[in-house]
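Biologist: Please take me through the salt bridges of this model one at a time. I would like to know where the partners sit in the chain and how exposed they are.

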Amino acid sequence: MAHLLGAESLSLEYPTKTVFDDVTLGIHEGDRIGIVGRNGDGKSSLLGMLAGTVEPDSGRVTLRGGTRVGVLDQSDDLDDSLTVAESVVGDVPEYEWASDARVRDIIDGLLRDIPWNAQISTLSGGQRRRVALAKLLTGEYEILALDEPTNHLDVEAITWLARHIKGRWTKGQGAFLVVTHDRWFLDEVCTTTWEVHDRIVEPFDGGYAAYILQRVERDRQAAAAEARRQNLARKELAWLRRGAPARTSKPKFRIDAANELIANVPEIRDKVQLQSMSMQRLGKQVVDLTDVSVSYGDREVLRDLEWKIAPGERTGILGVNGAGKSTLLSLITGTLEPTQGRVKHGKTVNVRTLTQRMDELDEHMDEPVRVVVSRLRTSYIVNAGSKSQELTPSQLLERLGFDSAQLSTPVKDLSGGQQRRLQLLLVLLDQPNVLILDEPTNDLDTDMLAAIEDLLDTWPGTLLVVSHDRYFIERVTDQQYGILDGRLRHLPGGVDEYVRLFEASDQNGPSSSSDSSRNEPGNDAVAPGLSGAELRAAEKELGAIERKLAKLNDQLKVDRNALADLDQTDYELLAEKMQEINSIEDEVAELDQRWLELADLVS
């Protein structure tokens, strides 16, 4: 693959912190790179250095001649005096951009609900984000660098963006870098993951799931190496007088070895126990919605809702912006009465909501974190399997990523992600038995999302989640419902089923609310992909590779077991057998790579 960008010996310092020290990277055509790491470790700074918007203190970034880099920052640079149309296509005549299938697809995918001739100054933050992204995607760039592109996008737009990115870069034309906390997007789009930590950038093959698998193996190897080092040190004391040399080896990472790490991992939640505990706290009735409809004036938002929320139920709620999700939550919390029908709450129900706003923190901004949490409760019960564990608020804060120094920090001085975590803790310390999370993933990095998911796994109550982060919603809930055309619909197929239903119900193009002067993109905008014959050939090759991989992995197990039975003093025979094993491992690695490429094409 052709080289597009090189970064050599990059270093970056801020007054109180060294962010990067001697980082060298390369980007090639066809690369789709996801950048992950903790908040504050330098993800956006790295993206800025590679894109040319941040100047490194030392080192250099070089581009292949003629390579153009398009950048999406977390804040847009749109001109408030322009219209949506002028911002996206500039002064290009309508007949030109309207005849371009790619431009029509972008407009239809991102701007269907935004009037084409609306002034930028009149748009909401989410609408401005969509316009800025559409403007970037319609441009001609060899490299795209996107910083949190899924912020303010709903599930439908995120799904479209993933499909667009995969179709646009599958055939090796240009490269793509993204900083995002959306793990589904990382897994769906990226072929490589860069982890930013401890002033370095560590590359991993594959998307988010593959990165986690490799990181677990890396950590296991580090722990094993440390245990081996300590054991060798003890032995060295005994063998020192005999002069016996200590020998260690560093095994090569293999996917099958990492798979063995999780082969016996139990289910993430003990559903039976959590439901039993939830019934003890709630009784049999939580909230029943019977023949419920809600109207605002002449506009009917929800109609004919029938939903009996059960103790211990963990449900994700999906719907486009304006579909009625907030209205549904208000019915459940009791802050809104239905226009028609009945909402009945159980006698012991205690509902708390983690809102998109941070109302719980407003009156505590000048107080230290320790003071805020100590007022509510002195301990919190966490359930793990058949045991319960009592944690202090400080221990809970540590579990959510706070260090001891931050306990004395005023709330106003915390980062957005830290305030979000503190907000969740305050809600949990109130001991609700029905917990509603409204877009809880905002401002959180992937490691902290994993920590919050782990905490929710032990929470024994009814959980309702509204989120555009499909990885999070699938991870913490056991079932999903979608609001489609004002009705609540169960989704046995999860988020994928919701996206299919939404797209099937929206075959007439953009919303009629768009400006009438807009040339509405039709359904003939086809995303690039494989022809029928190419698809069949790719699927056939995939099957052949899977069969070959199964045989090779079986052979590896046999050969490795046989190796242990050989005479360990016959060095020539051992070397010969190791060479055979290494040869098979190399073949497996090549087939793994080809399988990933084909799977990406046919998905």
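Modeller: In this predicted model, Arg-64 has a relative accessibility of 35%, so Arg-64 counts as partly exposed. That class covers values between the buried limit of 20% and the exposed limit of 50%. Glu-29, with a relative accessible area of 22%, is therefore partly exposed too. These two residues form a salt bridge through their side chains, with an N to O distance of 3.3 Å. Arg-64 sits in the loop between strand E4 (58–63) and E5, while Glu-29 sits in the loop between strand E2 (17–28) and strand E3 (32–37), so the bridge ties together parts that are 35 residues apart in sequence. As a general point, side chains of opposite charge can pair when their charged atoms come close.

That pair is one of 22 salt bridges in the structure. Another joins the side chains of Asp-366 and Lys-412, at 3.2 Å from N to O. Here distant parts of the chain are linked, 46 residues apart: Asp-366 belongs to the loop between strand E14 (351–354) and helix H12 (369–374), and Lys-412 to the loop between helix H13 (393–399) and helix H14 (416–429). Asp-366 counts as exposed because its relative accessibility is 59%. Lys-412 has a relative accessible area of 49% and is therefore partly exposed.

A further salt bridge runs between Asp-457 and Arg-475, whose closest N and O atoms are 2.7 Å apart. Asp-457 is in helix H15 (residues 446–457) and Arg-475 in helix H16 (residues 470–476), so this pair ties together parts that are 18 residues apart in sequence. Both partners, Asp-457 and Arg-475, are buried. They also belong to one network with Arg-183 and Glu-453, joined by salt bridges that share partners.

Asp-366 is exposed, and Lys-412 is partly exposed. Asp-457 and Arg-475 are both buried.

How values were computed. Residues numbered from 1 in each chain as written. Predicted model: local features only at pLDDT ≥ 70, side-chain atom pairs only at ≥ 80, totals over all residues. Heavy atoms only, no water. Salt bridge = Lys/Arg side-chain N within 4 Å of Asp/Glu carboxyl O. Helix = DSSP H or I, 4+ residues; strand = E, 2+ residues; numbered from the N terminus. Buried < 20%, exposed > 50% of the residue type's maximum accessible area, 1.4 Å probe, protein only.
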